[in-house]
Amino acid sequence: MAENADKLISVFIDGIEVKVLPGTNMIEAARKAGVQIPHYCYHRHLSVAGNCRMCLVEMGTPAFDRVTKAPVMGPDGKQVIQWMPKPVIACATNATPGLHIRTTTKLVKDCREGVEEFLLVNHPLDCPICDQAGECHLQEYAHQYGRGYSRYVEEKNVKPKRKMIGPRVILDNERCILCGRCVRFCKEIAKDEVLGFTERGSHSSIDCFPGKTLSNNYSVNVVDICPVGALTSVDFRFKMRTWFLKETPSISTESSVGVNTTIWSREGTIYRITPRRNEAVNDSWMSDTARDLYKAVAAENRTSAYAIEGRPVKSDEALKALAALLKASKGVALIASAFSSVEEQWLLKKLAQAIPAAKKLVYVAPHYAEGDGLLISADRTPNLRGALVTGLIKGLAQTDMSSLKAAVDAGEVDTVLSVNESVTSAGLGIEDLKKIKYVSLGTHFYQTSQYAAIEIPLLTVFEREGSFVNQQWRLQKFAKAVPGPAGVLADADFFAALLAAMGSPATRGGGLAAVWAALSAEVAPLKDQSYAKIPAEGVVIDGSAFANEKFREGKTLHYAPANA
Amino acid sequence: MATKILERKPLTLAERTYLPQIAAGLWVTFRKMFGRRVTLEYPEQKPPIPRGYRGVPTLVKDPNGREKCVSCQLCEFVCPPKAIRITPGEIPADSATAHVEKAPKDFELNMLRCIYCGLCEEACPERAIVLQNVYSLNAATREEVVLHKDKLYELGGTLPDKIMKWDKKKAAADKAAGGHH
């Protein structure tokens, strides 16, 4: 914004002066002035439709003499404001120098009340059975501008309810206020034109085009942007009322895009994941597949107990056994994970340094798939760049694990530690695992976990806190939404304790603050950073040291590869 | 503040024997034997329960036997001692009451916590939870007084419904089924 400072113009919202860029619409300008203009159809990341008419305001422009073009001054010495006789919609009114709007006059209030009354004419009032209740704009504005009773005596329209318009979205046409946000989203963001208006007048309704369904991987976003309960999510349907849910800021682990999310939980159970607005990363969107990731928390193959040779033990016993194993090993291979946070990766680097073995191999397992060009990148891990920044791996060459099998066959490596990774992807078979000591650290059981000498349960991204570095070198943090299984240490705490047991304490005191104190002193791009300091929208760190690495990501929403 | 010490009159001889007081008390007892009874032989006799009495909260059905609760969880929200815990559920599409869409999968009411305040009844938009005249709830174990859906409907029974809003909705939908053109 700073480079545009000279272009800023003054507009006046209820007499409050705000400086905005020319062309800013008046809803955003008013937001800047701390004035809320109610709206349904306007969405900051979609085109302006202007069909709900809720944002009507009075508008006036400074008067100029028609002939001389000189400002017309009033008796009070100020330029006369020529108020328009009729209200205008704020969403489609762009800032011009000296523009005035009024949002608190009787005309504006009457407009809002009129619009609200018409919207409620055919509304079914199913709030008790509507998932949107509690976060419904219609409810909120009905409180502010509704009359509390209905003057409508005719029969209400009946429209189809509980209609599946896609595998993950249910449409209730009676609740729809025809704002068209979903139609615009499908066209402009998802690029999958599926929805449109049918019928006329008060029978107008949203429907899929014949033979099409709303089945693209961004379909649930229409549920988020629907200002009423017309579009609801199949997965979240009738699960919990929104007012019971606690919101925790988090980061999606689906890919290196690092989509900002909000985790909605109640009493340790996660009910849904929604996108969190970040104009530099994901705007207001996220993929449907990333919304399902919370199901991993209560998955059947979830690990929850420490075990030595299959025998359940307490965490400190497992810790001692692992430390002893690492000290005694001749050669150790560490398969680290790009799903680990920056803090954990740094601790793993310290661990690799502390292992006394002669032969040490460190890998970060790669996960590549095709990107979708929007919010899923080709690198399906959230924190590959974190592994580079922290120095866990020197370069992307260490994501190639082909040397591991040879080292195991040659007997150079007798201990393999894998963190949240299956060793089969490293080319090791069950026969190989029987030859070596295999330590499986993971949130879930893998096929090979049963051959592990020591099993260490880890926590999912929802149960711990930390930070990731996304494809834009943006350091973003996630918070703990729900508690992990009883008795299971957070990954960073376990690694720090393991380092201490190895006789190489990298951090003093517990928690991420202690890790960051040592981490920021050692890692140049993270200098002066700490978990507490990372802002909600993240902060871009210096990744220029790795400019020559061949990252696989293609273009996504707010990212274009540097070497393209 | 100054303390004032009161002089007590010493008891008389008659007072010290206690006999006149006992006789006076027995006289009152004797007189009441011939008066109107003021007590009930509980539990054989039960007192009449006045209207608006706040007994155990119960779930009720409408005259058609439809469970009225739609698990909106407003009672759960408003309940001061957090005695209510609802697991919402969906009514299957082939059910006779499919148009209501939502019903509780389970409704747990912890009577060890309930304080009989009646806020759940006030908050209910469907008039589905009603504090009726059950005032005596006792059990041998704690689990037995954590009431679940089946028990709550058994206690609640059926109450008259003047509005029958869901029936009206269904009638309107059936009428419009032929299309509006």
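**Entry 1: conventions and confidence**

I number residues from 1 along each chain as its sequence is written, and chains are lettered from A, with ligands numbered from 1, in the order in which they are written. As the model is predicted, local features need pLDDT of at least 70 and side-chain atom pairs count only at pLDDT 80 or more, while totals for chains, interfaces and linings use all residues.

I looked up the predictor's scores and noted an ipTM of 0.87 and a pTM of 0.91 for the complex. Within chain B, helix H3 (residues 74–78) has the highest confidence at 97, and helix H6 (residues 165–176) the lowest, at a mean of 89. Helices (H or I, at least four residues) and strands (E, at least two) are DSSP runs, numbered from the N terminus.

**Entry 2: chain A as a whole**

I find 13 helices and 24 strands in chain A, and its C-alpha atoms fill a box of roughly 90 × 55 × 40 Å along the principal axes. Of the 564 residues in chain A, 45% are buried; a residue is buried if 20 or more other C-beta atoms, placed from the backbone, lie within 10 Å of its own, exposed if 12 or fewer, and partly exposed in between.

Chain A is divided into domain 1 (2–104), domain 2 (127–135 + 156–296) and domain 3 (306–546), with bounds that come from an automatic or database domain assignment. I noted that the C-alpha centres of domain 2 and domain 3 of chain A lie 35 Å apart, and that the contact takes 28 residues from domain 2 of chain A and 28 residues from domain 3 of chain A. Two residues are in contact if their C-beta atoms, placed from the backbone, lie within 7 Å. On the domain 2 side, the elements that give two or more residues are strand E12 (246–251), strand E13 (260–266) and strand E14 (269–275) of chain A, and E12(A) gives the most, with four residues.

**Entry 3: helix H12 of chain A and the cores**

I then turned to helix H12 (residues 491–501) of chain A, where the buried residues include Asp491(A), Phe494(A) and Leu498(A). Their cover includes helix H7 (315–328), helix H8 (342–354), strand E21 (454–457), strand E22 (466–469) and helix H13 (511–522) of chain A. After H12(A) comes Gly503(A), whose phi is positive, near 85 degrees.

Leu347(A) touches Ala492(A), Phe495(A), Ala496(A), Leu499(A), Ala506(A) and Val515(A), when residues up to four places away in sequence are not counted. Leu347(A) is also one of the residues with the most contacts inside the largest nonpolar core, which has 148 residues. A nonpolar core is a set of buried Ala, Val, Leu, Ile, Met, Phe, Trp, Tyr and Cys residues joined through C-beta atoms within 7 Å. A second, separate core of 29 residues includes Cys130(A), Val60(B), Cys75(B) and Ala103(B).

**Entry 4: where the chains meet, and strands of chain B**

I see 16 residues of chain B in contact with 11 residues of chain A. On the chain B side, strand E2 (84–90) and H6 of chain B are the elements that give two or more residues.

E2(B) runs antiparallel to strand E3 (residues 102–110) of chain B, and seven bridges join them; two strands pair if DSSP finds at least two bridges between them. In this pairing Glu90(B) stands opposite Lys102(B). E3(B) also pairs in the antiparallel sense with strand E5 (residues 146–147) of chain B, over two bridges, and there Asn110(B) stands opposite Val146(B).

**Entry 5: backbone details**

I checked the peptide bond from Tyr42(B) to Pro43(B), which is cis with omega near 5 degrees; Pro43(B) is found in the loop between helix H2 (19–32) and strand E1 (57–59) of chain B.

Asp14(A), which is not a glycine, has a positive phi of about 50 degrees, and is found in the loop between strand E1 (9–13) and strand E2 (16–20) of chain A. Asp14(A) counts as partly exposed because it has 16 C-beta neighbours inside 10 Å. Glu309(A) also has a positive phi, near 50 degrees, in the loop between strand E15 (306–308) and strand E16 (311–313) of chain A. With 10 other C-beta atoms within 10 Å, Glu309(A) is exposed.

Definitions and conventions. pLDDT = per-residue confidence, 0-100.
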